[in-house]
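These are my notes from a first pass through the structure. I wrote down what I looked up, one topic at a time.

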Amino acid sequence: MTERFHFEGWEIVEKLGEGGMCAVYRVRSAADPDVERAIKVMIDVHPGANERFAAEARLLISLDHPNVLKVYELVEENPPWIVMELLAGRDLEEHRDTVDHYRPEQLALWFADLAQGLQKVHDLGVVHRDLKPSNIMLGTDGVPRLIDFGVARDTTAARVTKAGIVVGTASYLPPELFLESNPQHLQDQPVADVYSLGQTLCELLINRPIHDPDEFHGPKLLVSIMQDKISRPHLDPREWDTNIPKGLADIVIDATQQLPEDRIDSARELERRLRAWLEQRARVERAPLSRSDVKTLPPPPTGGTSGPSEPRQVRPRRSGGWLGGLLGMGAVGIVGLAVVGMLALGGLGIGLLVMFAPDAGQRTVAAAVEASIAGDSEAVQACVAGAGAKGFELDVVVARGSVKTVRIGGVSDPAAKACLEARVRSWSLPVVGGDVRVSIPVQLGG
């Protein structure tokens, strides 16, 4: 069926989804067919809808943070539309519902990064007002991003929504919004976003929604959620899973206090608390990798290779937005050398030379990187398949448990290089003090 929209300079590839306010399309540049983006177009005809949509676009264009949706352009036609970067991945609601429990350290790292991005939003005088798992996209590059600012508000501008109206998803609204007759000014406070992000972290830790449809359903759904919100002093993930680390659970408790004045008061402070917990966890270091350790990987499946997934189909119940981007690249030096072993990958062999230094932190990171390559062997093989490379040099700098810079040497194919960089960026690595540098020559052979 022919689409009813025309976007000058862009060719529609497919519709990704449509909700009550917007439709999202995957598009290709008419000038350069290799360039693909996502376009979100307004379909809501209610008074003020276009104004709110344009305000959302302008605030997103002004933001530049790796954990916040990137928007390139606003076209103020009738209806208006925005050009966004296309990102392959799935939102955290889908991960929560389909993936077994993530490691607490991985979640803490993701949410520390998200809190940092959220603080950037708040610093511009903007609140999101609808933070929830489905509004956080985890790209195939392993980077979580805040998306869908459809009900965001620029608190420095004139209000568009009528006074007294609260927007967002009831389950993720902070309790104070149910306790006042005119609660809108409370939703415009950054601490309201802190609560919603804390609840989202809680749900990822326990791998289920707080307000499960099996428990909160029927015509009195909203009333049930409201009663639950105002009766709980806070959310404690150990109520559902006693295996949640106490320190991390305490952060969730403090982020979701019922009274705003008792809550973690900023996204910056939430980030600080999460990173401090990660630092403390890292003090129990992994045992150094022995020179005699030799690991043999099972051969990959013979039915084909796997690589980064295509952008998902957006479910009609929400509007969407995706972004992607190349990962940062940097060069680092090498300190000492030890042969770790030969790993079998079906018809390919990857020989790892892991760089050791006298520092225990570097040994810990080196061991973790080696283990990550072993555990991610199928994806690594898929990245380089067909690239014609006989080997590559993986050079990384790790800071606070995440990859700060990564360089792939010896691979000329841009797609293979970008794929490898994305895999490295997605790994969960230990948190050690300061920047840690590891260099690994990877040999590909029969």
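**Entry 1**

I began with strand β1 (residues 10–18), which 7 bridges join to β2, the two running antiparallel. Strands count as paired if DSSP finds at least two bridges between them. Helices (H or I, at least four residues) and strands (E, at least two) are DSSP runs, numbered from the N terminus. The model is predicted: local features need pLDDT of at least 70, side-chain atom pairs count only at pLDDT 80 or more, and totals for chains, interfaces and linings use all residues. Residues are numbered from 1 along each chain as its sequence is written, and side-chain values use heavy atoms, with hydrogens and water left out.

I then looked at the other partner of this strand: 7 bridges join β2 to strand β3 (residues 36–42), again antiparallel. β2 and β3 form a hairpin, with 6 residues between them. I followed Ala23 in both directions. Glu18 stands opposite Ala23 in β2, and in β3 the bridge partner of Ala23 is Val41.

Is strand β2 mostly covered or mostly open? I found 7 of the 8 residues of β2 (residues 22–29) buried. Buried means under 20% relative accessible area, exposed over 50%, and partly exposed in between (1.4 Å probe, protein chains only).

**Entry 1: the chain as a whole**

I noted 11 helices and 15 strands in the chain. Buried residues make up 55% of its 446 residues. Of the contacts with a separation of 6 or more, 66% are between residues 24 or more positions apart. Contact means heavy atoms within 4.5 Å.

**Entry 2: two helices**

I looked up how helix α7 (residues 246–255) and helix α8 (residues 267–281) pack: their angle is about 170°, and their axes are 10 Å apart. That makes α7 roughly antiparallel to α8. Axes are lines fitted to C-alpha atoms, for helices over the stretch in contact, and angles run from 0 to 180 degrees between N-to-C directions. Angles under 35 degrees count as roughly parallel, over 145 as roughly antiparallel, 65 to 115 as roughly perpendicular and the rest as oblique.

From α7 the contact takes Gly247, Leu248, Asp250, Ile251, Asp254 and Ala255, and from α8 it takes Leu270, Arg273, Leu274 and Trp277. I sorted these residues of the contact into 6 nonpolar, 1 polar and 3 charged. Here Ala, Val, Leu, Ile, Met, Phe, Trp, Tyr, Cys and Pro count as nonpolar, Asp, Glu, Lys and Arg as charged, and the others, Gly among them, as polar.

In the loop between α7 and α8 I found Glu261. Glu261 counts as exposed, at 62% relative accessibility. The C-alpha atoms of Glu261 and Val191 are separated by 9.0 Å, although the two are 70 residues apart along the chain.

**Entry 3: the cores**

Which residues have the most contacts inside the largest nonpolar core? I listed Phe111, Leu197, Leu270 and Leu274, in a core of 62 residues. Helix α3 (residues 104–123) gives the most to this core, with 10 residues. A nonpolar core is a set of buried Ala, Val, Leu, Ile, Met, Phe, Trp, Tyr and Cys residues joined through side-chain atoms within 4.5 Å.

Leaving aside neighbours within four places in sequence, I found Leu270 in contact with Ala115, Leu197, Ile251, Ala255 and Ile264. Another core lies apart from the largest one and has 27 residues, among them Ala366, Leu394, Val406 and Val438.

I also checked Glu105, which lies in helix α3. Glu105 is buried, with a relative accessible area of 18%. Not counting residues up to four places away in sequence, Glu105 touches Trp277, Leu278 and Arg281.

The peptide bond from Asn78 to Pro79 is cis, with omega near 5°. I placed Pro79 in the loop between β4 (71–75) and β5 (81–85).

Arg129 has a phi near 75°, a positive value in a residue other than glycine. Arg129 sits in the loop between β7 (126–127) and β8, and is buried, with a relative accessible area of 5%.
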